[in-house]
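Subject: Structure handover

Hello,

Here is the structure I promised to pass on. Please open it first, then read my notes below.

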Amino acid sequence: MSTIDLAKYGLTDRYETLMRQYPEYSVGRIVSQEKGFYRVITSCGEQIAEISGKYRYQINTPSEYPAVGDFVMLNSIENSNRAVIHQILPRKSVFMRKNAGTNFTEQVVAANIDTLFICMSLNNDFNLRRLERFLSIGWNSGAVPVIVLTKADLCDDVKSKQYEVELTANGADVLITSSMGKDGYQKILPYLKEGVTTAMLGSSGVGKSTLINLLLGKNHQDTQEIRGDDKGRHTTTRRELILLPSGGMIIDTPGIRELGMWDSASGLEKTFTDIEAIINDCRYKDCTHTCEPGCAVLSAIQNGNLSAERWKSYQKLQSENAFMEDAKDYFTKKEKKYKEIAKLNKSLRK
Ligand SMILES: Nc1nc2c(ncn2[C@@H]2O[C@H](COP(=O)(O)OP(=O)(O)OP(=O)(O)O)[C@@H](O)[C@H]2O)c(=O)[nH]1
Ligand SMILES: [Zn+2]
């Protein structure tokens with residue numbers, strides 16, 4: 001059986017002390033959250049875990065659910081790669097997302113991030129007010145923000161912009177990067193030490209994925225083989241807490257991205273009124289805009305009224321939104337169901 005050194009995954013003395021309260025369980029760190037289960041890295045490898053019914057019943061607020069980056073106490077189910085989560089160890093830092101318009105007020109998008117890279121591009125995205133907002137999200141979380149100015153190759157007054165940012169940064173480090181040159185991301189490397197957890201925050205398109213891919217040296221969508229499946233099927237799983245070859249980790253979740261998504265209170269519709277109008281002209285109400293006759297989106301792209309890039313960006317933001325909606329829906333339903341079952345059990349025992 002493989003033994004994994006959890007220090008690489010950020011298990012420090014702090015957590016070692018905290019986990020001693022639960023000698024009956026072993027420790028693991030959540031690397032991704034999927035519909036209905038978590039992937040947890042443990043000293044024996046990756047396991048698929050669910051929260052115990054008892055823990056779920058004790059949950060009072062959504063923030064008590066485990067999230068990517070959490071250290072959890074679990075017990076493994078023998079002869080399987082499954083486990084049950086019984087406790088979350090106290091968080092060192094936490095990123096919350098507020099859901100406007102629902103009673104689902106706060107949700108944890110990631111936990112235990114040490115260093116937060118706040119990315120802002122030196123060209124179109126440059127906006128000191130937004131930087132201030134991101135900095136406050138960073139400081140509030142408990143992580144240490146580091147400002148990463150991207151796309152230096154597209155800016156001809158780097159020095160003066162750097163100066164403005166340093167005045168706004170209020171003590172946070174400011175790094176200049178470009179993903180065009182081979183070495184444009186080197187300044188980030190000193191922050192990626194073994195056991196350190198990082199994340200990238202910033203508006204869409206500032207170059208976060210490009211930087212992450214450079215740091216990884218490959219595309220981070222892993223293809224994993226499902227073992228024990230007679231069809232030898234392949235599935236794509238997205239690991240959201242990723243170990244970097246340089247040491248250290250990066251957390252890249254749709255939730256974290258979403259924190260950087262909105263510049264103001266405006267929603268997707270407001271940002272993409274042009275696309276919403278085009279979609280209205282599709283022949284079919286349930287048009288998927290992929291192959292249908294009379295699809296207004298496809299013809300707008302073809303005749304140049306809509307750029308394929310803008311369409312791609314819209315779809316990306318849409319799917320991030322859908323992901324959050326699904327998660328919200330799942331939690332609400334599951335919570336309700338478990339509470340009902342627990343109540344029923346309680347009344348039967350009386
Ligand atoms: N010129 C230049 N272009 C860059 C640089 N970094 C990224 N880009 C380009 O900018 C575009 C957006 O980059 P992404 O890495 O997808 O941006 P992102 O921040 O991950 O965007 P989201 O996934 O929407 O959050 C891509 O076309 C990149 O090729 C850079 O340093 N210089
Ligand atoms: Zn269409």
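His 289 sits in the loop between helix 8 (273-280) and helix 9 (296-302). Its phi is positive, near 60 degrees, and it is not a glycine. Most residues other than glycine have a negative phi. Keep in mind that this is a predicted model.

Lys 151 also has a positive phi, of about 60 degrees, and is not a glycine. Is Lys 151 buried or exposed? It has 24 C-beta neighbours inside 10 Å, so it counts as buried. You will find Lys 151 in the loop between strand 9 (144-150) and helix 4.

Next, helix 4 itself. It covers residues 158-169, twelve in number. At 1.5 Å a residue, helix 4 should span 16 Å. Its end C-alpha atoms are 16 Å apart, which agrees. Asn 170 follows helix 4, and its phi is positive, near 55 degrees.

Now the ligand. How many residues surround ligand 1? There are 17, and the closest are Ser 204, Gly 207, Lys 208, Ser 209 and Thr 210. Helix 5 (residues 208-216) gives the most to this shell, with three residues. By type, the shell around ligand 1 holds nine polar, five charged and three nonpolar residues.

Best wishes

Technical notes. Residues are numbered from 1 along each chain as its sequence is written. Chains are lettered from A and ligands numbered from 1 in the order in which they are written. This is a predicted model: local features need pLDDT of at least 70, side-chain atom pairs count only at pLDDT 80 or more; totals for chains, interfaces and linings use all residues. A residue is near a molecule or strand if its C-beta atom, placed from the backbone, lies within 6 Å of it. Helices (H or I, at least four residues) and strands (E, at least two) are DSSP runs, numbered from the N terminus. Ala, Val, Leu, Ile, Met, Phe, Trp, Tyr, Cys and Pro count as nonpolar, Asp, Glu, Lys and Arg as charged, and the others, Gly among them, as polar. The expected span of a helix is 1.5 Å times one less than its number of residues. A residue is buried if 20 or more other C-beta atoms lie within 10 Å of its own, exposed if 12 or fewer, and partly exposed in between; C-beta atoms are placed from the backbone.
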